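Student: I would like to learn how to read the features of a two-chain model. Could we go through it piece by piece?

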Amino acid sequence: MANVQFDLVSPERRLASVEASEVQIPGADGDMTAMAGHAPTITTLRPGLLRVVHSGGADEYVVSGGFAEITAAGVSVLAEQALPRAEMTQEVYDAMIAEAKAAMKSAEEVFKNEPGPVDDAAKLISDMVAMGGHIGLNAN
Amino acid sequence: MPSLKDLKNRIASVKSTRKITKAMQMVAAAKLRRAQDAAEASRPYTERFNAVMGGLASGAAGSASAPRLLSGTGSDQTHLLVVMTAERGLCGGFNGNIAKLARTHANALIAEGKTVKILTVGKKGRDVIKRELGDHFVGHVDLTAVKRISYANAQDIAKDVLAKFDAGDFDIATLFFARFENVVSQHPTALQVIPAKFDQADGADAALYDYEPSEDAILADLLPRGVATQIFAALLENAASEQGARMSAMDNATRNAGEMIDQLTIEFNRSRQAVITNELIEIISGAEAL
């Protein structure tokens, strides 16, 4: 089966660059799996788990913010925050949750009469909580 | 004519100065490598980001519903200049060059009757510009405590800039920083970030993508991140340039100190010879007089 070239980059470093058989992406509108021959797509990311299956097994990364660019031959994920799942500790997770909550608070203050940004911030938090539940970390 | 003792002291003091500049040069060389690695590591992200944004932007630029970060406010009355310099001195003309470019730019805008606001990053540039344009300062970001520039630093600055933009404080934002060419040359650069400009090289093949959610939603989500990305890239370039400038400045200083030591040593030897000759003359003429 044909493989796709998978790249995961954050602003600070390149986390992965491998030949993958499939990549599961936490898209803003829902999870999607990209394999070879996928239609060219650009999607934004929600906080979640990115799973890459390649010949040596499967890797998981925690990503937040950014977008994925999918072409027939490759998948590039540009995430504002990205870490290997093993590096995702309770402390890092707490910091992320705290940041999201602070963002929600400021959104509530700035956009009192516009529900849009507040809903976005609330969704961000619920996405993070869902992700935490998935990998066995609890939000408080 | 300085005495032998004076000369000796001066040579000793120049020697210890040379030791310091030499050490600073080596520290700068090590830091430069790290800064270059960091700049290198961020490049894939920045390049891909700009490529995708270029495609998106070329599609949306024409439409009336384009986000304000892309199309601008429709006015160019108020300019925000983000001047990025180093936190420390002793790096040759680095800070001065950036400040000079920013000052020329600001003065030209003021002469055209525009309003200029200045946000400084790094205290050296702030000190330089303060004298002339201190009234235009609207903020300052202090990175003294930051050892390694992280994306979070850039995000904080971007958040500040975007909040000002949303509040209608300015129409056009320009970054001033030094682009790193190589160790001996760093170019002070002005880069406009709001409204965003992207190289629209291959807009044609970008049109083939499917967008999830909609194209507009992606653009609205990514444009603010684009500002942070640009600021982050500029900060990294600046950090590398600073170390490069410091390295060559300290290299020069070390060489100058070496030359000075040579000259002083020659002078020292000459006056020692003169003293010896004098003493000999005194002894000989004393002996002859007997």
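Predicted model: local features only at pLDDT ≥ 70, side-chain atom pairs only at ≥ 80, totals over all residues.

Student: What kind of peptide bond joins Glu212(B) and Pro213(B)?

Tutor: The omega angle is what to read here. For Glu212(B) and Pro213(B), omega is about -10 degrees, and the bond is cis. Another cis peptide bond joins Ile194(B) and Pro195(B), with omega about -10 degrees. Pro195(B) belongs to the loop between strand S5 (186-194) and helix H6 (203-206) of chain B.

Student: Is Leu90(B) buried, exposed or partly exposed, and why?

Tutor: Count the C-beta atoms around the residue. Leu90(B) has 16 other C-beta atoms within 10 Å, so it is partly exposed; the buried class would need 20 or more.

Student: Which residues of helix H4 (residues 123-133) of chain B are buried?

Tutor: An α-helix has 3.6 residues a turn, so residues three or four places apart point the same way. In H4(B), the buried residues are Lys123(B), Lys124(B), Gly125(B), Arg126(B), Val128(B) and Ile129(B). Their cover includes S1, H3, strand S2 (115-121) and strand S3 (137-141) of chain B.

Student: Turning to the other chain, what secondary structure does chain A have?

Tutor: Begin with the element count, then read the order. Chain A has two helices and seven strands. Read from the N terminus, its order is β-β-β-β-β-β-β-α-α.

Student: How does the radius of gyration of chain A relate to that of a compact globule?

Tutor: For 140 residues, a compact globule would be near 14 Å, and the 16 Å of chain A agrees with that. The C-alpha trace of chain A spans about 50 × 30 × 25 Å along its principal axes. Of its 140 residues, 35% count as buried. Among contacts in chain A with a separation of 6 or more, 49% come from residues 24 or more positions apart.

Student: Which domains does the assignment give for chain A?

Tutor: Read the bounds, then the relation between the parts. The assignment gives domain 1 (4-86) and domain 2 (89-135) of chain A. Their C-alpha centres lie 22 Å apart. Six residues of domain 1 of chain A are in contact with seven residues of domain 2 of chain A. On the domain 1 side, the touching residues are two nonpolar, two polar and two charged.

Student: Which strand of chain A is joined to S6(B), and do the two run parallel or antiparallel?

Tutor: Check the bridges and the direction. Strand S4 (residues 41-44) of chain A is joined to S6(B) by three bridges, and the two strands run parallel. Within this pairing, Thr41(A) stands opposite Asp210(B) in S6(B).

Notes: Residues numbered from 1 in each chain as written. Chains lettered and ligands numbered in written order. Helix = DSSP H or I, 4+ residues; strand = E, 2+ residues; numbered from the N terminus. Buried ≥ 20, exposed ≤ 12 C-beta atoms within 10 Å, placed from the backbone. Rg over C-alpha atoms; globule rule 2.2 N^0.38 Å. Contact = placed C-beta atoms within 7 Å. Domains from an automatic or database assignment. Nonpolar A, V, L, I, M, F, W, Y, C, P; charged D, E, K, R; others polar. Pairing = 2+ DSSP bridges.
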